[in-house]
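Good morning, and thank you for coming. Please look at the sequence and the structure on the screen while I take you through them.

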Amino acid sequence: MSVHDELTSVQRCLDDLIRSVGRLEKQLGSGGLEMRRVRSDTNHLRESVALLRETAAATAAPQKRPDLVTISDAPYDPSLWVDTDDEGLGARDRRAP
């Protein structure tokens, strides 16, 4: 199944859960801590699935490839390396510790 199909299936299940929680609230009342917690959890799930749908839609769009940059095989200008340290060896004029 594609991501879109999976998300649609998750959304359907979440809608069923929200309806079931609504029926439970009518039967048990919405004043209890447990019922409020279940309602809060279903709302968080709804928000998370919505964010997941947005993320999936953004990643499904074709990504633009960056332009390639060719690097010349010619040697670099030695003046670039004046006053530099050799990694792990220190400066050219000094001895390593």
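I begin with Tyr 76, which is found in the segment after helix 2 (33-60). Helices here are DSSP runs of H or I with at least four residues, strands are runs of E with at least two, and both are numbered from the N terminus. Is Tyr 76 buried or exposed? Tyr 76 is exposed, because its relative accessible area is 58%. For this term, buried means under 20% relative accessible area, exposed means over 50%, and partly exposed lies in between, with a 1.4 Å probe and protein chains only.

Tyr 76 also belongs to a nonpolar surface patch with Val 69, Ile 71, Leu 80 and Trp 81, and together these residues have about 640 Å² of accessible area. A patch takes residues with over 30% relative accessible area and no salt bridge; like charges are joined within 9 Å, and nonpolar side chains (Val, Leu, Ile, Met, Phe, Trp, Tyr) within 5 Å. Accessible areas come from the Shrake-Rupley method with a 1.4 Å probe, and for residues only the protein chains shown count as cover.

A word on the source: this is a predicted model, in which local features need pLDDT of at least 70 and side-chain atom pairs count only at pLDDT 80 or more, while totals for chains, interfaces and linings use all residues. Residues are numbered from 1 along each chain as its sequence is written, and side-chain values use heavy atoms, with hydrogens and water left out.

Now the chain as a whole. The protein chain has two helices and zero strands. Of its 97 residues, 10% are buried. Its accessible surface comes to about 8800 Å², and carbon and sulfur atoms hold 57% of that. Among contacts with a separation of 6 or more, 47% are between residues 24 or more positions apart; a contact means heavy atoms within 4.5 Å.

Let us turn to helix 1, residues 3-28. Helix 1 has 26 residues and spans 37 Å from its first C-alpha to its last, close to the expected 38 Å; that expectation is 1.5 Å times one less than the number of residues. Leu 7, Leu 14, Ile 18, Val 21 and Gly 22 are buried in helix 1. Just after the helix, Gly 29 takes a positive phi of about 90°.

How many salt bridges does a search of the whole structure find? The search finds two, where a salt bridge is a side-chain nitrogen of Lys or Arg within 4 Å of a carboxyl oxygen of Asp or Glu.

One of them joins Arg 19 and Asp 16, with the closest N and O atoms 2.3 Å apart. Because these residues are three apart in helix 1, about one helical turn separates them. Arg 19 is partly exposed at 46% relative accessibility, and Asp 16 is partly exposed at 41%.

Arg 39 forms a salt bridge with Glu 25, the closest N and O atoms being 2.7 Å apart. Arg 39 lies in helix 2 and Glu 25 in helix 1, so the pair ties together parts that are 14 residues apart in sequence. Leaving out residues up to four places away in sequence, Glu 25 touches Ser 30, Met 35 and Arg 39.

I finish with Thr 42, which lies in helix 2. Thr 42 is buried, because its relative accessible area is 3%. With residues up to four places away in sequence left out, Thr 42 touches Leu 14, Leu 17, Ile 18 and Val 21.
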